[in-house]
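Take a look at it below, then read on.

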Amino acid sequence: MNPEPTAGSPGARILVVEDDPRICDVLEYALKADGYSVRTTQRGREAVTLCQTNSPELIVLDVGLPDIDGFEVCRQIRAFSDVPVIFLTSRGDEINRVVGLELGGDDYVAKPFSTRELLARIKAIRRRRVSPSQQPSGSAGIFHYGPIEIDADKFRVRCGGEDVPLTRQEFKLLDLLVHHPGRVFTREQVLDQAWGDGGFVTDRTIDVHIKTLRKKFGDFEFIETVRGIGYRATEL
Ligand code: CA
């Protein structure tokens, strides 16, 4: 289907937790067509059990479930596993998104969603998990996002053909955001993924870096503030 290389073994096990049988069927079909091995359940408690017995490599987890909700499922699973979790949330439910990310969800997709979008998120998460050191663009040559070109090997960024000098930190921040257009990163996630362990960093530090990054790209405005949550790069 999609020529983009998958970041893991074919047949990676995915657990789909969704009580709407139509959505469940669509997801199962699409994931299997993409080469994944799929288990489904409509119940939160069974999801926790399946996670223990079946060790899925990724979980697609609906928030609204009939027995225990998706957040509780995630909380229980996090007690024994760091398997990536993508929440399915109701449209526009910002509070649910924050809660989900704070509980250790890796991403969320708002309903109604396209299976293509969900598959792209799954691939992105699996890439991050499989080769964090090579990720995001280490071996991929030049990465393009709108007018921006990122050459990670040469540590060089251009916008509209002009060099944009960035500090190392700004570079990492840019790289993180533009490789996941549309995905919101909380400040905490930015810290984890773009800063690593070095030094003392506060939320304010991230805000300042975002500000200078925006300034450096001038008219090309692509970094959105998501109030109360964090930042994302515009989906182009
Ligand atoms: Ca539901």
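## A bridge by the sheet

Let's start with R158, which is partly exposed with a relative accessible area of 27% (partly exposed sits between buried, under 20%, and exposed, over 50%, using a 1.4 Å probe and protein chains only). Its salt-bridge partner is D163, at 3.5 Å from N to O, and D163 is partly exposed too, at 47%. A salt bridge here means a side-chain nitrogen of Lys or Arg within 4 Å of a carboxyl oxygen of Asp or Glu.

This is a predicted model, where local features need pLDDT of at least 70 and side-chain atom pairs count only at pLDDT 80 or more, while totals for chains, interfaces and linings use all residues. Residues are numbered from 1 along each chain as its sequence is written, and side-chain values use heavy atoms, leaving out hydrogens and water.

The structure holds 16 salt bridges. One of them joins E57 and R13 at 3.5 Å, N to O. E57 lies in the loop between helix 2 (44-54) and strand 3 (58-62), and R13 in strand 1 (residues 13-17), so the pair ties together parts 44 residues apart in sequence. Helices (H or I, at least four residues) and strands (E, at least two) are DSSP runs, numbered from the N terminus.

K111 and E18 also meet in a salt bridge, at 3.1 Å from N to O. Both K111 and E18 are buried.

## The sheet

Four strands form an open sheet in the order 6-7-8-9, with antiparallel pairing (strands pair if DSSP finds at least two bridges between them). Strand 7 (residues 148-151) and strand 8 (residues 156-159) pair over four bridges, with I148 opposite C159 in strand 8.
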